[in-house]
Amino acid sequence: MISGNRSTCMHRCATRSCFRRFPRRIPARAPSVRPRTSAAKVSAPSSHTEESPAFSAAASAGALLQWACSGWPEPEYEHDSRRHRSTSPASTSASSSDSLFTSKSLHPNVGDPANGKENGPSAVFPLRVAARDLGPGRGRGLIAISDVAPGEILLSVPLTRVFTSQPDSELHWSAEMAVRLLRAKHLSAQQHQKQHGEALQYSDDEGIQGPKVSNDLTGPEVAGEAGWGPWIAALPSAVRTPLEYEEAEVRQLGCPYVMEEVQVMQQCVRDCYEVLRPELEGMGCGWQDFLWAVQIFHSRCFFEPSSGLHMCVPGVDLANHSPQPNAAVRLQHSPGACQGYDALAEVAEPPPPEPSRFDLVAGEAGIRCGEEVTISYGRWPSEAFLLLFGFVPTTGTSTAAIGGGDDSTGLVAGAKSYINGSNCFNANTNAGGSAGAGASIRADVATGAGAISPGDSLTVFRDAEEAVHWCLAATMASRRPRVGQQGPGACEEEDVEKITEAIVRAVVEAAPEDSFVNLTLTLDGVDGRLQGVLELVSRHLDVGPRDLLRSRLQERLGDFTGVQGVYRDDAIKLFVQSKCALARLVLAQL
Ligand SMILES: C[S@@+](CC[C@H](N)C(=O)[O-])C[C@H]1O[C@@H](n2cnc3c(N)ncnc32)[C@H](O)[C@@H]1O
C-alpha cells in the first residue's frame with residue numbers, strides 16, 4: 001500500500017526470526033511461566049477476561065470512528081473554514097470538496113454524510129463508512145454508507161490518535177505496546193470514575209458485553225494515556241491466534257517449521273510477561289489481560305518499513321482483509337516535518353501546516369453503498385496470516401499457473417516479494433541449464449476453489465544444509481539394498497559429511513549473499529534457491545532433481561495429511577488444506 005512516498009502493510013511477516021530476538025530484557029534464565037487465569041481486572045470490569053461475545057457494542061465502534069477522525073490539533077483549523085477546507089483530508093478527494101472537520105464539538109450522529117456541510121466549528125469529518133458485525137469468522141467490518149468515488153478518503157486519523165510502537169524498546173514490539181495499552185485502559189477507567197463518579201458500564205441494550213463509551217471525544221493529545229478510552233472500548237473483547245493454542249492444536253498444524261515458530265512465539269510472549277509482571281500486577285492485570293493485549297496488536301497493526309514502527313490505527317483497524325481489496329491505506333506526513341520547510345517559510349508565507357495522518361482511501365473502482373470496505377493485509381503465506389491474525393484467507397485461486405506461467409489472474413504476482421531473492425540463484429549462476437526442477441514445472445490446473453490461500457508458499461526445507469542432508473539420506477536409503485555398490489549409496493559417514501560440506505560450500509559460493517533459509521514452493525513455482533540446491537546435489541548423487549523434489553514433497557504432504565483428530569479451530573483446518581492443495585498441485589505436475 002502506498003502512502004505518499006512510503007508504503008505500509010498490515011504487519012510485517014512474523015515468521016522466521018521476528019520472535020527469536022526478543023525480549024532483550026528477559027532474565028538470564030527465564031523461569032517457565034504457567035499462564036494463570038486469575039486476571040484481576042485492569043480497571044473496570046474487563047471484557048476480555050469474561051465469557052463474552054468477541055465484539056463490543058456497535059455503538060462503541062460507531063463512536064470510535066467519530067473519535068478517530070477528530071483531534072486535529074492546529075487552532076487555525078477550528079476557525080478558518082476556508083483554509084481548513086483547503087487542507088483537510090476530505091478536501092483532497094474528488095467528491096468531498098464541501099467537507100470540513102474540526103477538533104471541537106463534533107456531532108454525535110456518526111456516519112451521516114450530511115454532516116459534511118460547511119457549518120462552522122461544529123462540522124464533522126463526513127464519515128463514508130460505518131462499523132457492522134459481519135458474523136462469526138469475520139467479526140466486525142466497515143461498510144460504505146453511501147456510494148464512494150475512486151480515491152475518496154473514507155477515514156482520516158491524525159497521527160496523534162494512532163497508537164504507535166516505541167522505536168527503542170528492548171521488549172518485543174507487541175509486548176511493549178501491550179503494556180501501554182493496559183496502562184491506558186487502567187488510566188481511562190480511573191479518569192471516568194473520577195469524572196462521573198461511577199465505574200464504566202459493560203453491557204448494552206442488546207445484552208452484548210462490551211464497555212460503553214462516553215461521548216467524550218478528548219484524545220491522547222489532551223488527556224495523555226487516559227485519552228485512548230474510546231478506542232479501547234471498541235476493541236474486540238477476545239482475539240484468538242496461535243498464541244493461545246494448546247499443545248494438541250499446535251501439533252495439528254502438521255508442519256514442523258510452523259509448530260516451532262508457534263512455540264518460539266509463545267515462549268517469547270511468556271518471557272515478556274515475566275519481565276513485565278510486577279508492573280502489570282501493579283495495575284491489577286494478569287496473564288490473560290497481557291495475552292489479550294498482545295494479540296490485539298498482532299492482529300491489528302500496520303508496519304511502516306521506513307521507520308520500522310508498528311501502528312494501530314483506530315477505526316482503520318476495523319477494516320477486514322481481502323486479496324482483492326476495494327480500499328487502501330496511506331500515511332500522509334506533515335509538510336512541517338519535511339526538510340526545507342522552515343527555510344521556505346522565511347521567504348514566503350507557508351501553507352497552513354497539515355497534521356500528519358493515516359488515511360483509508362477508496363480504490364480505483366470506488367465502492368458502492370452497502371459494500372464492505374476491505375484492504376489487503378499483504379500477500380503473505382498462510383502461516384503469516386495464521387500466526388499473527390489468527391485466520392487464513394479463503395478466497396484463493398481456482399486456476400493456478402505454476403513455474404512462471406502468466407499470471408493473468410493477478411493472484412500470484414506478489415508471492416515473489418515474500419521470498420527474498422527467490423530467483424537469484426538462476427541469475428547468479430545460470431546453474432542447471434535445462435534440468436532445473438522448477439524451470440520445467442508447468443501447469444494450468446484447476447484446484448478446489450479457495451483451497452490455496454493467495455500468496456501462499458510451502459516450506460520444502462528450512463535451509464540449504466537441511467536440503468543437502470535430506471537429499472543424501474534419501475538417496476542412500478533408496479540404494480541401501482544394493483550392498484557393495486560403488487557410489488554414494490555405499491558411502492561411509494565420513495564420506496557423507498565430506499560430500500555434504502562440499503555441496504553446501506558450492507551452494508554458498510554460487511550465491512554468497514543469499515541466506516538460503518526457508519526454501520519454498522509457491523504458485524509461481526520452485527524457489528530459485530531450492531532449484532539451485534537440488535541441481536547441485538543431484539549432480540553429486542546422480543539423481544534427478546525432479547525425483548528428489550517429488551519424494552520430499554510426498555513427505556511434506558504426509559506431514560499434513562497425517563494430522564489426527566478433529567480440528568478445534570477452523571483456521572488450523574484452512575491452513576492444512578491450503579498447504580495440502582499446494583503440495584498436491586505441484587506433485588501433479590512433476
Ligand atoms: C484488523 S482486525 C479487523 C476488524 C475485526 N474484524 C474486528 O472485529 O475488530 C483483523 C481481524 O479481523 C479478522 N479478519 C480480517 N479479515 C478477515 C478475513 N478475510 N477472513 C476472516 N477474518 C478476518 C481476523 O480475526 C483478524 O485478526
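Let me begin with an open sheet of three strands, ordered β5-β11-β10 and paired in the antiparallel sense, where strands are DSSP runs of E of at least two residues, helices are runs of H or I of at least four residues, and both are numbered from the N terminus. Two strands count as paired if DSSP finds at least two bridges between them. The edge strands here are β5 (153-158) and β10 (327-332), each of which pairs on one side only, and the twist from one strand to the next averages 15 degrees. What we are looking at is a predicted model, in which local features need pLDDT of at least 70 and side-chain atom pairs count only at pLDDT 80 or more, while totals for chains, interfaces and linings use all residues. Residues are numbered from 1 along each chain as its sequence is written.

Staying with this sheet, β10 and β11 (residues 357-362) are joined in the antiparallel sense over six bridges, and glutamine 332 stands opposite arginine 357 in β11.

The other sheet I want to show is also open, with four strands in the order β3-β4-β12-β9 and mixed pairing; its edge strands, each pairing on one side only, are β3 (129-133) and β9. Strand β9 runs parallel to β12 (residues 372-375), and two bridges join them; within β12, threonine 374 is the bridge partner of asparagine 320.

Asparagine 320 brings us to the ligand. Which residues are closest to the ligand? They are Gly139, Arg140, Ser299, Asn320 and His321, out of 17 residues that surround the ligand, a residue being near if its C-beta atom, placed from the backbone, lies within 6 Å. At least two residues of this shell come from each of β4 (140-144), α9 (287-300) and β9 (320-321). By class, the shell has six nonpolar, seven polar and four charged residues, where Ala, Val, Leu, Ile, Met, Phe, Trp, Tyr, Cys and Pro count as nonpolar, Asp, Glu, Lys and Arg as charged, and the others, Gly among them, as polar.

The domain assignment of the chain gives domain 1 (2-10 + 39-375) and domain 2 (382-587), with bounds that come from an automatic or database assignment. The contact between them takes 20 residues from domain 1 and 23 residues from domain 2, two residues being in contact if their C-beta atoms, placed from the backbone, lie within 7 Å. On the domain 1 side, α7 (247-252), α8 (256-282) and α9 each supply at least two residues, and α8 gives the most, with six. That side divides into 10 nonpolar, seven polar and three charged residues. The ligand shell, too, draws on both domains, with at least three residues from each.

Now to helix packing. The axes of α4 (residues 173-196) and α9 come within 8 Å and cross at roughly 120 degrees; axes are lines fitted to C-alpha atoms, for helices over the stretch in contact, with angles from 0 to 180 degrees between N-to-C directions. The crossing is right-handed, a term for the near helix being turned clockwise from the far one by less than a right angle, with anticlockwise giving left-handed. Among the residues making this contact are Met177 and Leu181 of α4 and Phe290 and Phe297 of α9, and the contact residues comprise 10 nonpolar, two polar and one charged.

In the other pair, α14 (residues 464-479) and α16 (residues 528-541) pack at an angle of about 35 degrees, with axes 10 Å apart, again in a right-handed crossing. Here Ala464, Ala467, Val468, Cys471 and Thr475 of α14 meet Leu530, Val533, Val537 and Leu541 of α16, giving eight nonpolar residues, one polar and no charged.
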